[in-house]
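The following note sets out several points on the model shown here. Comments on the overall fold come before those on individual elements.

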Amino acid sequence: REQWRPLAPSVLAHEAENWFDGLPSCGSPYMSITVTAKPDKAPLIPAVVHVDRTARLQTVGADMYPLYYALIAAFFLATGVPMVLNTSFNSADEPIVESPADAVRCFLNADDDLSLLVLGSRLLVRRRAFPATEDAGELVPLQQAAFVSRVVADAMGEVSRAEVLVDGKWIELLDEIELSVLELCNGEYTVAEIAEAMAADGVMETLADRRVPDDAGVDADADARADDHDALGDGGVGAESAVHAVLERLRHLYRRRLVAF
């Protein structure tokens, strides 16, 4: 969006006068009134004000829009800003969506920045295919959530389960190697560098020997996994087979929405 074409804000009705001047007592529930942001507030909300600090805002009350009000109130509690962006739901070359079917179609065809869709009481999350690249080792994975991990071992010290706690829910990983891969997904290391770091820790042979089991929930990517294997080589040991093993675990982490690229 161009800087000279800001979006409109939806503001909690009871907070609007703390952020804008010139608002009538009836508010602006239909986004039909232009007001001026207070001088000390405008720098905090640059996406919704013009260069002259004006904004065409919508005031949101709990009585008229209870769900939308609750959403903005939660954002206010988390950020100290009592408003969210309000823009039309459509792509640049299409009219505004009119039905649930329009909304889903627009959502699926939108850019990656549009990642969630709330439709009635349902939250829809778009699942992207695992990124395809001729040089898979150059992918840069990034953790998608803070997590706490734990590894469970038997009496002989053999690891039986590796798990991560995300948003109050324990998610079981394939093995402790997958946990090690996840811990290295900091948005700085490539897949090849992750494999190299794990090799330096002495787990290269383990990585080369272990493959993700067929029932691990990644069968939908079987063709892509085969392509990775062809591109990286078929060596039993070495960096290429380690990269392949790391990629297999990244596919599983990607489907679990624990990493992105």
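1. Of the 261 residues in the protein, 33% are buried (under 20% relative accessible area with a 1.4 Å probe, protein chains only; exposed is over 50%, and partly exposed lies in between). This is a predicted model, in which local features need pLDDT of at least 70 and side-chain atom pairs count only at pLDDT 80 or more, whereas totals for chains, interfaces and linings use all residues. Residues are numbered from 1 along each chain as its sequence is written, and side-chain values use heavy atoms, with hydrogens and water left out.

2. The protein contains eight helices and twelve strands (DSSP runs numbered from the N terminus: H or I of at least four residues for helices, E of at least two for strands). Of the contacts (heavy atoms within 4.5 Å) between residues at least 6 apart in sequence, 54% join residues at least 24 apart.

3. Helix α3 (residues 100–109) has Ala 103, Cys 106 and Phe 107 as its buried residues. These lie on the same side of α3 because they cover an arc of only 100° around the axis, taken from the directions from the helix axis to the C-beta atoms. Their packing partners are β6 (116–119) and β7 (122–125). On the face turned away from the buried side, α3 carries the exposed residues Ala 101 and Asn 109.

4. Val 159 belongs to strand β10 (residues 159–166) and is partly exposed, at a relative accessible area of 36%. Leaving aside residues up to four places away in sequence, Val 159 touches Val 151, Val 152, Ala 153 and Glu 176. Val 159 and Glu 176 are 17 residues apart in sequence, with a C-alpha to C-alpha distance of 7.3 Å.
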